[in-house]
Amino acid sequence: MDIGIIGGGAIGLLFASYLHKDHQVTVYTRTLHQARCLQEEGLFLKKGNDMTKAAIRAVPLEAKGPGSHDLLI
């Protein structure tokens with residue numbers, strides 16, 4: 001499933017970190033800087049002593065706007 005998440009805050013990034021395992025996820029951020037950081041560095045989730053890295057697509061919301069997705073959060 002192709003999922004778009006509007007907002008790169010705590011909740012949006014938490015959703016993205018869990019959903020990326022089984023779905024294609026795009027996060028729409030407020031700033032170009034945040035989108036670039038997510039694209040280049042990835043998204044890290046620390047749970048207890050475990051840390052996972054998620055490779056997600058990030059796009060600034062103002063540049064493109066939400067595209068066509070199966071689900072938009």
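Mentor: Strands here are DSSP runs of at least two residues, and helices are runs of at least four, both numbered from the N terminus. The model we are reading is a predicted one.

Trainee: In which loop is Gly-48 found?

Mentor: E3 and E4 form a hairpin with two residues between them, and Gly-48, in the turn, has a positive phi of about 65°. The two strands pair in the antiparallel sense over five bridges, and strand E4 covers residues 50-54. Gly-48 therefore belongs to the loop between E3 and E4.

Trainee: Is Gly-48 buried or exposed?

Mentor: A residue counts as exposed when its relative accessible area is over 50%. For Gly-48 the relative accessible area is 59%, and so this glycine is exposed.

Trainee: Which residue in E4 is the bridge partner of Lys-46?

Mentor: The antiparallel pairing of E3 and E4 runs over five bridges. In one of the bridges involving E4, the partner of Lys-46 is Met-51.

Trainee: Which strands are the edge strands of the open sheet?

Mentor: The open sheet is formed by four strands with parallel pairing, in the order E5-E2-E1-E6. An edge strand of this sheet pairs on one side only, which holds for residues 57-60 and residues 71-72, that is, for E5 and E6.

Trainee: Which residue in E5 does Tyr-28 stand opposite?

Mentor: E2 and E5 pair in the parallel sense, and the pairing extends over four bridges. Within E5, the residue that Tyr-28 stands opposite is Val-59.

Trainee: What angle does the direction of H2 make with that of E5?

Mentor: H2 packs on the sheet, where the helix touches both E2 and E5. Taking the direction of H2 against that of E5, the angle is about 170°.

Trainee: Within what arc do the buried residues of H1 fall, seen down the axis?

Mentor: The buried residues of H1, which spans residues 10-19, are Gly-12, Leu-13, Ala-16 and Ser-17. Seen down the helix axis, these buried residues are gathered so that they line one face of H1, whereas Ala-10 and Ile-11, on the other side, are exposed. The arc that holds the buried residues is 135°.

Trainee: Against which elements do the buried residues of H1 pack?

Mentor: H1 lies across E1 and E2, and its direction runs at about 165° to E1. The contacts of its buried residues involve three strands and a helix, namely E1 (2-6), E2 (24-29), E3 (43-47) and H2 (32-41).

Trainee: How many Å apart are Gly-48 and Leu-19 in space?

Mentor: Along the sequence, Gly-48 and Leu-19 are 29 residues apart. In space, taken from C-alpha to C-alpha, their separation is 19 Å.

Conventions. Residues are numbered from 1 along each chain as its sequence is written. This is a predicted model: local features need pLDDT of at least 70, side-chain atom pairs count only at pLDDT 80 or more; totals for chains, interfaces and linings use all residues. Side-chain values use heavy atoms; hydrogens and water are left out. Buried means under 20% relative accessible area, exposed over 50%, partly exposed in between (1.4 Å probe, protein chains only). The arc is that of the directions from the helix axis to the C-beta atoms. Contact means heavy atoms within 4.5 Å. Two strands pair if DSSP finds at least two bridges between them. Axes are lines fitted to C-alpha atoms, for helices over the stretch in contact, and angles run from 0 to 180 degrees between N-to-C directions.
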